[in-house]
Amino acid sequence: MAVDKKSLEYLVDVLNFPKTSVQNRVLSKDDLVRMGGLNSRQKQELTDVVKQVNWVLLMTEDNTKIANYVGEDINVREINYLVIELKRQLTDSRLKEISKMVFGAIPKATILEVKLNGDDPNYWWITAEYKRKRGYDNLLSAGNIHVTNQIGTYQLDMFSEVFDFQKQVHLDLKHLYYSFSESIERYNFQQHSNRNLEDMTYADANKMLKALEVRADKLKRDAKKETQLNKRMQLVQEYKLLQKKIYNIKGV
C-alpha cells in the first residue's frame, strides 16, 4: 500500500495539488538502486534508513493545463512528487545524501516529501536545481537542493500557506517547479521573520543569512579567546556590525 487516505487528502484538499495527477504507487527500492546506478554502499544506506518510497503525483501538461517548458537550458515536461518514509531520524547531512540518491535515480523534475512517522510525525520537503543531462533532451541532472527546516504536525498549517499549488507561478512546468523551491526557502525564512522580501529572493536571503551567521559565530568565538584588549574590542565591533546586517535582512 502507498500513502494513506489522510496523506492524500492533505495533498489534494489542503495543498491543492490536482486530483487528476494522483498516482499513489509504491516504488521498489531495488528499482531506485538500478535507475540511480547506486553502488553497494549507497544501496545499503538507502535500505537501512528508508522504509518505503511512494510515487504519489505526476503533474503534466495534460492533467494540470500548465504548459511544458522547452528551452535551450532544460526541458520540463513533468513534475514527480514522491513521499519517502524513513525508518529513523537522520542528521541533516544524511537526509541530503539520501535525497540526492533519489534525485539521481529520477532524472525528471521531482519534489520529495520525506516523512518520519510517530506520535508527532516530522516532515521535510525537498526540491533540486536542475540542468540538462548530458546527451539527453528530456532528462535532468540534479544539483543543489532546497530543504525545509524540520516540520512538525503543528507547523503544517504555516507550511501549507506557502506551498499551496494554487499560489505557485503557473507560467509553465519549469516555473511551477522552481516556484515550489522558492516556497521552501520562503517557509524557512519565515521561521525567524514576518518580513516579505521585495529586494531579493528568499533563497538568496537564506544563503546570505547563513554566511553572515557563520561569520558572526566565528567572530564571537574569536573575541572570547582573544587576550589583547584592543584586538578583542575590534572583533566585538565587527561582530556587532554583522549582527546589524542580519537584523536588517530579517527585518527585526
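# A guided tour of the predicted model

The protein chain contains nine helices and nine strands; helices (H or I, at least four residues) and strands (E, at least two) are DSSP runs, numbered from the N terminus. This is a predicted model, in which local features need pLDDT of at least 70 and side-chain atom pairs count only at pLDDT 80 or more, while totals for chains, interfaces and linings use all residues. Residues are numbered from 1 along each chain as its sequence is written, and side-chain values use heavy atoms, with hydrogens and water left out.

**The whole chain.** Of the 252 residues in the protein chain, 46% are buried, that is, under 20% relative accessible area with a 1.4 Å probe, protein chains only.

**Helix α5.** Next, select residues 92-105, which form α5. This helix has 14 residues and reaches 20 Å from its first C-alpha to its last, close to the 20 Å expected at 1.5 Å a residue; the expected span is 1.5 Å times one less than the number of residues. Colour Leu95, Ile98, Ser99, Met101, Val102, Phe103 and Ala105, which are buried in α5.

**The largest pocket.** Now turn to the largest pocket, with a volume of about 900 Å³. A pocket is an open set of points on a 1 Å grid over the protein atoms alone, where a 1.4 Å probe fits, with protein on both sides within 12 Å along at least five of seven lines; lining residues have an atom within 4 Å of a point. The volume is the space filled by probe spheres set on the points, which are joined across faces, edges and corners. Select Lys96, Val147, Glu185, Asn206 and Lys210, the closest to the centre among the 27 residues that line the largest pocket. Two or more lining residues come from each of α5, β7 (122-132), β8 (140-147), α7 (173-189) and α8 (202-225). The largest share, eight residues, belongs to α8.

**The second largest pocket.** Finally, move to the second largest pocket, which holds about 250 Å³ of space. Its lining has 14 residues, and those closest to its centre are Lys6, Ser7, Tyr10, Tyr123 and Leu156. Select α1 (5-14), β6 (109-116) and β7, the elements that give two or more residues to this lining. Here α1 supplies the largest share, five residues.

Definitions and conventions:
Buried means under 20% relative accessible area, exposed over 50%, partly exposed in between (1.4 Å probe, protein chains only).
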